[in-house]
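Open the model in your viewer and keep the selection tool ready. Each stop below gives a selection, then what is there.

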Amino acid sequence: MVSLENSHSHVSSTTHYSQTRPYYYTPPPSSGKVHRRSIGRSMRTIRSNLYQTDYENSGPVYENLTDSVVDFRLTELAKKPPVDKSSFSDVEFLEISHTFSDFSAYSSDISGELERLAYIPNSDPNQSSVSEPEPEPEPCVGFLQRETFSTEIMESIEPEDLQPTVKLCVDSLQSPSVAVKRSAAEKLRFLAKNRADNRALIGESGAIPALLPLLRCSDPRTQEHAVTALLNLSLHEPNKTLITNSGAIKSLIYVLKTGTETSKQNAACGLLSLALIDENKLSIGACGAIAPLVALLINGTNRGKKDALTTLYKLCTVRLNKERAVSAGAVKPLVGLVCEEGTGLAEKAMVVLSSLTGIEMGQESIVEEGGIAALVEVIEDGSDKGKEFAVMTLLQLCVDSVRNRGLLVREGGIPPLVALSQTGTAKAKHKAETLLTYLRESRQEASTSTP
């Protein structure tokens, strides 16, 4: 969920949106269909289509709007009551948190399990006699020695047998053998995966402080099992406090910086789970989580980027974390994701951008990175939900900034906004009408101040 050269040199030089796309955008997986909108389309639309008289079916509704139609619509909107700026509070963002519901079900560590189950040893007798070294055997018998347990088998353990099973795993986390600790962490991971009663018992058994040292283990598989076990345990509310009080935040951030792709994703989700407690948000930000989350947003897989977006969104409900996100360079990749189609990331990126408009440095960075042009293009070509988020973000950028209103007009924003005010969803229509009212006020002020 990374370099395209911009062939549209006619985009206004007042923004950076016409520059080469950032170097850090890696190509998406071949199995996914990704389409990026052409850069600068809004300016091309305004210059070539605003005064057309032969419309036929030449394109979207906004391309068929003459200047007289636009003026008529603006005059119509002028008759409406003045806009109350107090309506644009944080309440505005409460409803959009549901945008993350499709990928924030972080209770499942299925990605790591599928990778493990998908591995099929090569049994070809003609295979070369040269083989890789055997992994270190587990120097114990019975339960811990087996690595072929499925989640179903782990969950079928009878309640009366669960406590001694958990105790065996917790005790084995102290073993000098990496293989034993790896196996014990894996078993705890699967035991805590889906059953709430298991999570409670494991948390009460002392597993959490015993798992923490494994987050800094040099063995990638052991680290992955440990961080995923803690993620699964954190879904039990009382365990969140145990994990935080054990000092896990810094260790989770260490995994976020150094782990495998799956480990980084699950560390991000673990931080997200802890961030559901409000007082943890500042602690997570202060411990340095924002920068590696931005790195995951830039360099991660599609799932990694989604996890990073979700966690950043939750952390950025706090003003200080908004400032940290902007300082860490989050805006540039977010603007880039706004223009991606087919990955499911564009709308989520716009929600995080909307959050960052709550601070002045966030607004300045969004404008500097070409965010206005990107959002205009979403209003032109995006999905209905994407248009809602785009117009909401533009409204936040323009409500108190005459300069940003001028940039929006210069980017060709009025025709697509007029079209959206007529054909969009109910929410999009309302936001578009409000924004057009502000643009009309600026236009009137400019005309009266002209000698």
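## Stop 1: a buried glutamine

Select Gln 265: its relative accessible area is 4%, under the 20% cut-off, so Gln 265 counts as buried. The model is a predicted one. Color helix α12, residues 261-275; Gln 265 lies in this helix. Gln 265 and Thr 301 are 36 residues apart along the chain, and their C-alpha atoms are separated by 9.1 Å.

## Stop 2: α11 against α14

Select residues 248-258 for helix α11 and residues 290-299 for helix α14. Their axes are 9 Å apart, and the packing angle is about 30°. That angle is under 35 degrees, so α11 and α14 are roughly parallel to each other. The crossing of α11 past α14 is left-handed.

Which residues make the contact? On α11, show Ile 253, Leu 256 and Lys 257. On α14, show Pro 292, Leu 293 and Leu 296. By class, the residues of this contact are five nonpolar, no polar and one charged.

## Stop 3: α16 against α19

Next, select helix α16 (residues 319-327) and helix α19 (residues 360-368). Here the axes come within 9 Å and cross at roughly 30°. The pair is therefore roughly parallel as well. α16 passes α19 in a left-handed crossing.

Show side chains on both helices. From α16, Glu 323, Val 326 and Ser 327 take part. They meet Met 361, Gly 362 and Ser 365 of α19. This contact of α16 with α19 holds two nonpolar, three polar and one charged residues.

## Stop 4: the nonpolar core

How many residues does the largest nonpolar core have? It has 96. Select Leu 211, Leu 334, Leu 394, Leu 408 and Leu 417: these have the most contacts inside the core. Then highlight helix α21, residues 384-398, which gives the most to this core, with eight residues.

Center on Leu 394. Setting aside neighbours within four places in sequence, Leu 394 is in contact with Ile 372, Leu 375, Val 376, Ile 379, Leu 408 and Leu 435.

## Stop 5: a covered helix

Finish with helix α23, residues 414-423. Is α23 mostly covered or mostly uncovered? α23 is mostly covered, with eight of its ten residues buried. Step through the buried ones: Ile 414, Pro 415, Pro 416, Leu 417, Val 418, Ala 419, Leu 420 and Ser 421.

How values were computed
Residues are numbered from 1 along each chain as its sequence is written. This is a predicted model: local features need pLDDT of at least 70, side-chain atom pairs count only at pLDDT 80 or more; totals for chains, interfaces and linings use all residues. Side-chain values use heavy atoms; hydrogens and water are left out. A nonpolar core is a set of buried Ala, Val, Leu, Ile, Met, Phe, Trp, Tyr and Cys residues joined through side-chain atoms within 4.5 Å. Buried means under 20% relative accessible area, exposed over 50%, partly exposed in between (1.4 Å probe, protein chains only). Helices (H or I, at least four residues) and strands (E, at least two) are DSSP runs, numbered from the N terminus. Contact means heavy atoms within 4.5 Å. Axes are lines fitted to C-alpha atoms, for helices over the stretch in contact, and angles run from 0 to 180 degrees between N-to-C directions. Angles under 35 degrees count as roughly parallel, over 145 as roughly antiparallel, 65 to 115 as roughly perpendicular and the rest as oblique. A crossing is left-handed if the near helix is turned anticlockwise from the far one by less than a right angle, and right-handed if clockwise. Ala, Val, Leu, Ile, Met, Phe, Trp, Tyr, Cys and Pro count as nonpolar, Asp, Glu, Lys and Arg as charged, and the others, Gly among them, as polar.
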